[in-house]
Amino acid sequence: MFVEGGWRPPWEPPPRPPQPRLTGHQERMLIWIIVVNVLLWFLAPIGGATVIHAAIAIMQ
């Protein structure tokens, strides 16, 4: 019931210092990917409508 010398918790390694999630190059690539996606978000509907209008014009 009693432990001589007192109770000691199991040994745990010291915590690691926090590391950055992304490197500088990875951050720049992520920003470029976001910029391209936002541009396509606005340009794709216009391009899609142009293709549809061109297809209708060819069929007439």
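I began with helix α1, residues 24–59. It has 36 residues and runs 51 Å from its first C-alpha to its last. That is close to the 52 Å expected at 1.5 Å a residue. I note here that the model is predicted.

**Bend.** I then looked for a bend in α1. The helix bends by about 35° at Leu43. A proline follows within four residues, and I identified it as Pro45.

**Record.** I checked UniProt for this stretch. Its unreviewed entry lists residues 29–58 as "transmembrane region". I took that span back to the model. Residues 29–58 are 100% helix and 0% strand. Their end C-alpha atoms lie 40 Å apart.

**Whole chain.** How many helices and strands does the chain have? I counted 1 helix and 0 strands. Next came the radius of gyration, which is 30 Å for the chain. The globule rule gives 10 Å for 60 residues, and the chain's value is well over that, so the chain is more spread out than a compact globule. I also looked up the extent of the C-alpha trace. Along its principal axes it spans about 95 × 30 × 10 Å.

**Surface.** What share of the 60 residues counts as buried? I found 0%. The chain exposes about 6,600 Å². Carbon and sulfur atoms supply 71% of that area.

**Aromatic pair.** I searched for paired rings, with centres within 6.5 Å as the cut-off. The count comes to 1 aromatic pair. The partners are Trp41 and Phe42, with ring centres 5.1 Å apart. Trp41 has a relative accessible area of 62%, so it is exposed. Phe42 has 52%, and exposed means over 50%, so Phe42 is exposed as well.

**Val38.** I picked Val38, which sits in helix α1. Its relative accessibility is 38%, so I logged Val38 as partly exposed. I then took a distance to Met59, 21 residues apart from Val38 along the chain. The two C-alpha atoms are separated by 33 Å.

**Pro10.** My last stop was Pro10, in the segment before α1. Is Pro10 buried or exposed? Its relative accessible area is 62%, so Pro10 is exposed. How far apart are Pro10 and Val35 in space? I read 50 Å, C-alpha to C-alpha, for residues 25 apart in sequence.

Conventions. Residues numbered from 1 in each chain as written. Predicted model: local features only at pLDDT ≥ 70, side-chain atom pairs only at ≥ 80, totals over all residues. Heavy atoms only, no water. Phe/Tyr/Trp six-rings, centres within 6.5 Å; stacked < 30°, edge-to-face > 60°. Buried < 20%, exposed > 50% of the residue type's maximum accessible area, 1.4 Å probe, protein only. UniProt positions renumbered as here; feature names shortened; annotations may be inferred. Helix = DSSP H or I, 4+ residues; strand = E, 2+ residues; numbered from the N terminus. Expected span 1.5 Å × (residues − 1). Bend = angle between axes of the 7 residues up to and from the residue. Rg over C-alpha atoms; globule rule 2.2 N^0.38 Å. Areas by Shrake-Rupley, 256 points an atom, 1.4 Å probe, with all protein chains shown as cover.
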